[in-house]
Amino acid sequence: MCGIAGIFHPDVPKPVDPGRVRAMADALAHRGPDGSGVWTGPGVGFGHRRLSIIDLEGGAQPMRSADGRLTIAFNGEIYNFREVRLELETKGHSFATASDTEVILAAWAQWGAECLPRLNGMFTFAIHDAADDSLFLARDRLGVKPLFLARLSDGALIFASELKGLLAHPRLRRTLSAQAIEDFLAWGYVPDDASIIEGVTKLPAGHSLHVRRGRAVPRPVAYWDVDFTNPSSRPLKALEEEMVERLRAAVRSRMVADVPLGAFLSGGVDSSAVVAFMAEGSRRAVETCSIGFDAADHDETRHAALVAERFATAHRVRTVSSDDFRLIDTLVDAFDEPFADASAIGTYRVCELAREKVKVALSGDGADEAFAGYRRHRMWLAEERARAFVPGPLRRAIGGFGDLYPKLDWAPRMFRAKTTLQAIGRPGAEAYAGAVGVTPEPLRRRIFRAPLHGHRAEDRWVAAMEGAPAADPLGRAQYADLKIWLPGDILTKVDRASMAVSLEAREPLLDHRLVEFAARLPARYRLHGGTGKYLMKRALEPYLPRDILYRRKMGFVTPVSDWFRGPLAAEAAAPGHGSALAETGWFDAAAIARLAEDHRRGRAEHGRTLWQLLMLERSLARLFNLGRRDEREVRAAIA
């Protein structure tokens, strides 16, 4: 795992300052503390920071091919590099190192962009090909590894593994994006292809970008997609057996490392499955670690301990409490863009704990998206059945009644019908967009009043679902999860939190072959009788206890709502008085203050929105120096 950065002049080969490239790469030193390198050529420069995992003595980057034609800067791991290497050797290629980096170079020389379908891994990389004076950028299928891009005023295309790498370039103009704030308030993160800074984008997951000198910079091209349109007709038992073999292969392939390796263990189905197959393939006790919370209804450490005992792991636990709020500035620095998934606190702490013993940790992320494990999947399908059964005029009347129904956040769940009633009155994709959101549109309009020029956050989700290659409603929802939620929230969280402590996190449940297998399952095998991840759980019955497989899903949730009614009530109120939000001119401070007070008194549930606003306040202060500048500087930043 590493950090990469670079500069490419698409128009003419202007000189590239090695010092500038080094500054961009050194901003990513936490991603690669074991080594660094810079290479420049006519109109191009690559920088690299290395976290040594495989071939510790070789594999230094940027790496050049023996003939000097190709140069690469690579972040990630190719899990099948040995198999690809053997194929390349039969075609006449020879290798000077044992690294996966050199395999990518040879694969590009042999197949060009068609090398991508042959690579199984998590990666972003940049290749300069002197043969046609071009730059080739690529990102892995699911978006485990990030890559930020921007064009500068002099025409240069710059890229980096994190936004801070771009920010190290003095010509990048920092202009705040109101549309990105709209998206952030809706989802709790800035979506994967957008950025909080105008003009900055991210290379989408499963895409590549090939820029040839002297030609216009094209749009990124997709090389992979997940298809939910061809459900398998194989018997359930055969699918269970295939599930086990694919999961076993995914875990085993991610256990290749020349450094100590372990796993995160929450006590849920997914991380427990990963640990089960790690233990099966390891001669030593697997190093595992868990995070608990000081709120009992959020704590899963008892279940993690049960799994650790079953597989005789070397298990360690750390507890997160409201005192860990002091991490907020650490998180703001790690994420650059505003990021409001509060479980990032626990994720950072578990990465920190893992790094005390290992350099690589396997994670259980991705199965809920691929195999339909979220409660919202079950709720939304029930609403879809109601929408199909109830005539349109009556649906709209039910939705109207939902608008009038009181929002009883404090009441038992059976009486909290407002959201469900409103959802039944909407089109299915609109309703699902609401289910995955944090701050709904009516509330956003009360607190945020920037000119959005027709942009609405929910439209992204609706478009993804309506254009999804899916044969059933559940497949459409999962497709949007995999394309928007997974790279924007889950994978961003794990990448930034793990890299902040120089830990490589690997995601076996996001092996693209396993995800493709999940997409071929009939909907009834993904979600069956109210049980999410139905086939996955059945397949794992010989390996995990039933009370791990079938207990109520808790999720890795930080209890910020409770904290904001108790020890952190003053912090929850802070955004209403904060200068960064106020200086944009886009926020209603009085409305935010009322939100905080209603939440503190238990009149409403606004914990997640208040956490969003708090993270946004801190992020804007850091990125744009808001709260500490004169009026002219503020206007320039939000122009």
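Colleague: Which residues of the largest nonpolar core touch the most other members?

Modeller: This is a predicted model, and its largest nonpolar core holds 195 residues. Helix α18 (residues 473-500) supplies the largest share of this core, 13 residues, while another core of 16 residues, with F8, A73, A126 and L147 among them, lies apart from it. Within the largest core, the residues that touch the most other members are F125, L166, F371, W461, F587 and W611.

Colleague: What does F371 touch, not counting residues up to four places away in sequence?

Modeller: F371 is one of the residues that touch the most other members of the largest nonpolar core. With residues up to four places away in sequence not counted, F371 touches M243, Q478, L514, F517, A518, L521, R526, K533 and M536.

Colleague: Where is K533, and is K533 buried or exposed?

Modeller: K533, which is touched by F371, has a positive phi of about 50° although it is not a glycine. Most residues other than glycine have a negative phi. K533 is found in the loop between α20 (523-526) and α21 (534-539), and because its relative accessibility is 4%, under the 20% limit, K533 counts as buried.

Colleague: Which loop holds A372, and what is the relative accessible area of A372?

Modeller: The phi of A372 is near 65°, a positive value in a residue other than glycine. A372 has its place in the loop between α11 (367-371) and α12. A372 is buried, because its relative accessible area lies under 20%, at 0%.

Colleague: Is R385 buried or exposed?

Modeller: R385 is found in helix α12 (residues 375-389), and it is 20 residues apart from D365 in sequence and 29 Å apart from D365 in space, C-alpha to C-alpha. The relative accessible area of R385 is 56%, which is over the 50% limit, and therefore R385 is exposed.

Colleague: Which residues does a cis peptide bond join?

Modeller: Most peptide bonds are trans. The bond in question has an omega of about -5°, and P62 has its place in the loop between β3 (44-50) and β4 (63-64). The residues joined by this cis peptide bond are Q61 and P62.

Colleague: At what angle do the axes of helix α6 and helix α7 cross, and which residues make the contact?

Modeller: The axes of helix α6 (residues 236-253) and helix α7 (residues 269-280) come within 9 Å and cross at roughly 70°. Because angles of 65 to 115 degrees count as roughly perpendicular, α6 is roughly perpendicular to α7. The contact is made by V244, L247, R248, V251 and R252 of α6 and by A273, V274, F277, M278 and E280 of α7. By class, the contact has seven nonpolar, no polar and three charged residues.

Colleague: Why do the buried residues of helix α1 lie on the same side of α1?

Modeller: The buried residues of helix α1 (residues 18-26) are V21, M24 and A25. They lie on the same side of α1 because they cover an arc of only 95° around the axis. These buried residues pack against β1 (2-8), β2 (35-41), β3, β9 (157-160) and α4 (163-167).

Colleague: With which residues is T301 in contact, leaving aside its neighbours within four places in sequence?

Modeller: T301 has its place in helix α8 (residues 301-310). T301 is buried, because its relative accessible area of 19% is under 20%. Leaving aside its neighbours within four places in sequence, T301 is in contact with I291, G292 and V317.

Definitions and conventions
Residues are numbered from 1 along each chain as its sequence is written. This is a predicted model: local features need pLDDT of at least 70, side-chain atom pairs count only at pLDDT 80 or more; totals for chains, interfaces and linings use all residues. Side-chain values use heavy atoms; hydrogens and water are left out. A nonpolar core is a set of buried Ala, Val, Leu, Ile, Met, Phe, Trp, Tyr and Cys residues joined through side-chain atoms within 4.5 Å. Buried means under 20% relative accessible area, exposed over 50%, partly exposed in between (1.4 Å probe, protein chains only). Helices (H or I, at least four residues) and strands (E, at least two) are DSSP runs, numbered from the N terminus. Contact means heavy atoms within 4.5 Å. Axes are lines fitted to C-alpha atoms, for helices over the stretch in contact, and angles run from 0 to 180 degrees between N-to-C directions. Angles under 35 degrees count as roughly parallel, over 145 as roughly antiparallel, 65 to 115 as roughly perpendicular and the rest as oblique. Ala, Val, Leu, Ile, Met, Phe, Trp, Tyr, Cys and Pro count as nonpolar, Asp, Glu, Lys and Arg as charged, and the others, Gly among them, as polar. The arc is that of the directions from the helix axis to the C-beta atoms.
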